Amino acid sequence: MGKKILISFFIVILFFLINYTNNKATEYLMKNQPKWYFLNFHSYKNINHVLGTAFGLRALTSDFYYISFLQYYGDLRNAKTQYKDLANYFNDATDADPGFEFVYLFGSAILAFNLGRYDEAVKLIEKGLSYNPKMWKLRIYLGAIAYKEKNDKEKYIKFLEDAIKYEDHPAILERLLGNIYEQIKSADEAAKYWVSVYKTTKDKETKLHAYERLMYMIKNKMIKNIDEIIK
Amino acid sequence: MRRILAVAEYIFKQNFRNKILNVLIIFAILSIGFSLLISELAKEVEIRMTKDFGLFSISIFAFLTLVLSLTIQLFEETELKTISMVIVKPITRAEFIIGKFFGIILTIFMNILFMFIILMVVIKIRGGDPWDLKLFLSVAGTFLSLSILTSVALFLSVITTSIPGCIIFLFFTYILGHLTVHLKNLQYKITNQLVYKIIDILYIMVPNLELFNLKDKIHTNFSLFTFDYILLIISYSIIYILIMLILTVIIFNKKEF
């Protein structure tokens, strides 16, 4: 009888302790996670997000949306429609994981600088900033978009040059800047830039693009001081 | 203590002798290898993809290890009647349950360790940092949550009458365990008192597995990877396991074979 009472008493104490640690840890979690982390009454509209949360796989869900976007963007048939659904892919990926910073950078760069859809790009950047206010790189993009819209090339280039200084910029910006240099700067300056991209870029496609542009310029004898640039 | 270790060793060896678990390991290797392919598709975020997919594989295969290990144990105990042989031996039922618990979590630990080493190699190949502390803590979180689930599984195995029933309950515990924090967060907006109370009960009874889900947070800067938080979740898991094992032993002691 005494043993039973002792065990019951021990279990009650453990229940008290478990409730205490659970509350403390949950409080800690709730304090340290942003609002978007938690499901809300509208979450049911996107079943994939609910499933991702139920299995503890939110980041992975976002990764799959990102891969879907790449497949969509890589399919040339969609070019005919100017990738009209592109923004939806970015929204899905960033709804599942609003902290997926690269999607905002890559997505806004494609929407604004490749497709000229400034409104959608600005919307995506604003979403990115609302969830990640410390992500100041997006502000640089916002500036670049503003000047591209106004056709103020100098300021636009300045913003892009600032953006590619940061290690996690999307490689598409390197190609974009090189193409602009070819249009507005001398061939030697553009070639110099392509050489530096060829040496420093981590992206294979961009490396190949830089090589092809250099070869094109050499083949067409556009570069004056070729030895100096190669050196 | 020696008898507990003997049971744990027996369960561990039994799990590894079983071919299903070997197939599971092969699947895990393939799955992590698949993460290489996935990351190849997603240029510029390949390290993130590799980590996410690798951590997902580790958690899902570790969970499957638990389910299969439990199924095998239950099948042998109930269908082959091996339990009758165990309870006549000079070993208490409490020692048997505790030994079984340690045997299963040792199996899970070895599986997780094996998969984690592979993941680290894959991350290194992709040019990432395999010694990232967040990665270690995420895997540790997965192990802790599975240790809790093991204790729940043992509890379910003594209260349910069938193997499928036990597995289904365990599966629901896994899902509900990840949702209790979200329900708790929504609770403040609920006016219905009955629903409010149900959420409270679920929050207390169901293991709060979302606390251990650090793999979803390794890319964010929110400070969950702190000593205080880790200490809290370790304490929570130890107490939860202790309660589950005590309740399992109490019910198991009353069972007649």
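**Inside the core**

Visitor: Let's pick one residue to begin with. What does B:Met115 touch, leaving out residues up to four places away in sequence?
Guide: B:Met115 touches B:Ala28, B:Ile32, B:Ser57, B:Ile58 and B:Phe61. Do keep in mind that this is a predicted model.

Visitor: Got it. And which residues touch the most other members of the largest nonpolar core?
Guide: B:Met115 is one of them, along with A:Ala93 and B:Ile58, in a core of 100 residues. Helix α5 of chain B, residues 93–125, gives the largest share of this core, with 15 residues.

Visitor: What is in the second core?
Guide: That one is separate and has 8 residues, including A:Trp194, A:Val197, A:Ala210 and A:Leu214.

Visitor: Switching to helices: how do α4 and α5 of chain A cross?
Guide: Helix α4(A), residues 86–96, and helix α5(A), residues 101–114, have axes that come within 10 Å and cross at roughly 170°. Because of that angle, the two count as roughly antiparallel.

Visitor: Nice. Which residues meet there?
Guide: From α4(A) you have A:Leu86, A:Ala87, A:Phe90, A:Ala93 and A:Thr94, and they meet A:Val103, A:Tyr104, A:Gly107 and A:Leu111 of α5(A). By type, this contact has 7 nonpolar residues, 2 polar ones and no charged ones.

Visitor: What about α3 of chain A, which residues there are buried?
Guide: The buried ones are A:Arg58, A:Ala59, A:Leu60, A:Thr61, A:Ser62, A:Asp63, A:Phe64, A:Tyr65, A:Tyr66 and A:Phe69. Their cover includes α2, α4 and α5 of chain A, together with α3 of chain B.

Visitor: Last one: is A:Met215 buried or exposed?
Guide: A:Met215 counts as exposed, because it has 11 C-beta neighbours inside 10 Å and the cut-off for exposed is 12 or fewer. You'll find A:Met215 in helix α11 of chain A, residues 204–219.

Visitor: And how far apart are A:Met215 and A:Asp119?
Guide: They are 96 residues apart in sequence and 37 Å apart in space, C-alpha to C-alpha.

Note on methods
Residues numbered from 1 in each chain as written. Chains lettered and ligands numbered in written order. Predicted model: local features only at pLDDT ≥ 70, side-chain atom pairs only at ≥ 80, totals over all residues. Axes fitted to C-alpha atoms, helices over the stretch in contact; angles between N-to-C directions. Helix = DSSP H or I, 4+ residues; strand = E, 2+ residues; numbered from the N terminus. Parallel < 35°, antiparallel > 145°, perpendicular 65-115°, else oblique. Contact = placed C-beta atoms within 7 Å. Nonpolar A, V, L, I, M, F, W, Y, C, P; charged D, E, K, R; others polar. Core = buried A, V, L, I, M, F, W, Y, C linked by C-beta atoms within 7 Å. Buried ≥ 20, exposed ≤ 12 C-beta atoms within 10 Å, placed from the backbone.
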